[in-house]
Amino acid sequence: MKYFQNGINQICAQIIRPLRAEYQQYDLGPIQDQTYTRNDFDLVNHCQQRIKVSLFQGNVQSDVCIIYLHSANGCRLEALRYVNEILNQNYMFLTFDFTGSGISDGNQVTYGYREIYDLQTVITHISQYAKSIVLWGRSMGSVVALLYMQQFQNVFVKCMVLDSPFICLQDIVVQMASKRTKIPNFILNSLSSYVSDEIKNQCGFTMNEINCLNNIKLIKIPAFFITSKIDSIVSHEQTEKLFNHYQGIKTIYYTNQDHNETRDFTLVDKVMSWLNQQLLSVGQRIKQKIIFKDHPIPIKLIDLNSFNNKERSSTFDGTNIIILDNRIMSISPKQKITNIQQRFQQVLQTQRSAFIERSISTNKMNISVDVYDTNQVKLMNQNKLKQQNYFNQHTKPIAFTKVPNKTRDSSHHRY
């Protein structure tokens, strides 16, 4: 029994105390370069442990910060290869050592159980300077990102990059043990329960508690999943299962590299292109959309507040606007409407459309400019004719009659 317990303790030590990445401060490179400035500082988490943090800022000031979350036996050095690529896109870049990793305090790795509070400490600090935050995690770091969003659902976090996330810690331990030994899986599953109990005694959590699938439906932000079919540690089936259950906007990318191999720049370019698209402002996204399916038209954004302050001629910058069947088009000055009744109907339709557009959260209208469609002009002429007929049928001219003036004796003067 003593030898069995010693074996269990050794297995636990390999899980919660993997090889620790040791480095010196100068390994992070120069503090200042032509393209960036690095600021190193310490933060203290809820357990009064120091977290070593590095913040990279380019020459262009940004309000978007990408936070890199390293793997189980990694550290801040993992993120250095991404610095130039990220700063070239005018984003801030922050990386730090989880407690128990690198040169931060602590001596245990808990695969997200405690790391989510380290991440919360970092986000609380950086949210004073950044309006939008992106979480980029590798292996354990991607699990930390998922568990953090499931628990905190922080509104500052706009999207995530998840490189090789796994579903459950116990599954990974059994899978790795089965590949390295010839012990049958049913024996390994029995042993894993003893190992999980020992981890509970030492760290306060069981391996089954580290499960990303339980509450993954609570996360709605966009996510970029990365996996590999030749991954020797986290099988692509686990990442694919997380991807299939994810409820937000999602993309999955397959790389030809193993779990611990350095990611190539092709993948980094894919990620940065995706991030740029997701971090566009709402107004920029609307500007990229096509109003008419058959006509790829550039559009103009007009704020509703300025729209209401315009005179009711529905004219913006010399361009007359007509709305037909809830579709917005512009006409040249030669087709300018001069009839009073038609202009009145035009104003009513314009304001009705503006009222409907108020429900849009962006508080913007899409107005197409410099478009001339003959079919639309024909339809416009037909509607003008209908409006004119309706006006003629339902209105009568006002007749004026002369009334004789009364005198003081109530008699009438004749003209």
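Helix α3 (residues 115-126) and helix α4 (residues 140-152) cross at roughly 75 degrees, with their axes coming within 9 Å. That makes α3 roughly perpendicular to α4, a label that covers 65 to 115 degrees, with under 35 counting as roughly parallel, over 145 as roughly antiparallel and the rest as oblique. Axes here are lines fitted to C-alpha atoms, for helices over the stretch in contact, and angles run from 0 to 180 degrees between N-to-C directions. Helices (H or I, at least four residues) and strands (E, at least two) are DSSP runs, numbered from the N terminus.

On the α3 side, the residues that meet α4 are Glu-115, Ile-116, Tyr-117, Leu-119, Gln-120 and Ile-123; they face Met-140, Val-144, Leu-147, Tyr-148, Gln-151 and Phe-152. Contact means heavy atoms within 4.5 Å. By class, the α3 contact with α4 has 9 nonpolar, 2 polar and 1 charged residues. Nonpolar covers Ala, Val, Leu, Ile, Met, Phe, Trp, Tyr, Cys and Pro, charged covers Asp, Glu, Lys and Arg, and polar takes the others, Gly among them.

A word on provenance: this is a predicted model, where local features need pLDDT of at least 70 and side-chain atom pairs count only at pLDDT 80 or more, while totals for chains, interfaces and linings use all residues. Residues are numbered from 1 along each chain as its sequence is written, and side-chain values use heavy atoms, with hydrogens and water left out.

Now the sheet. It is open, has 8 strands in the order β1-β2-β4-β3-β5-β6-β7-β8, and its pairing is mixed. β1 (36-44) and β8 (250-255) are the edge strands, each pairing on one side only. Direction ignored, neighbouring strands of this sheet are turned by 20 degrees against each other on average. Two strands pair if DSSP finds at least two bridges between them.

| Strands | Sense | Bridges |
|---|---|---|
| β1 and β2 | antiparallel | 9 bridges |
| β2 (residues 50-58) and β4 | antiparallel | 4 bridges |
| β3 (residues 64-69) and β4 | parallel | 4 bridges |

Val-53 has Phe-96 of β4 as its bridge partner, while Ile-67 stands opposite Leu-94 in β4. 5 of the 5 residues of β4 are buried, so β4 is largely enclosed by the rest of the structure. Buried means under 20% relative accessible area, exposed over 50%, and partly exposed in between (1.4 Å probe, protein chains only). Met-92, Leu-94 and Phe-96 point one way from β4, and Phe-93 and Thr-95 the other way. In a regular strand the side chains alternate between the two faces of the sheet.

Asn-90 counts as partly exposed because its relative accessibility is 38%. Its C-alpha atom is 7.3 Å from that of Gln-61, 29 residues apart along the chain. Leaving aside neighbours within four places in sequence, Asn-90 is in contact with Val-60 and Ser-62.

Zooming out, the protein chain has 12 helices and 13 strands, and 45% of its 415 residues are buried.
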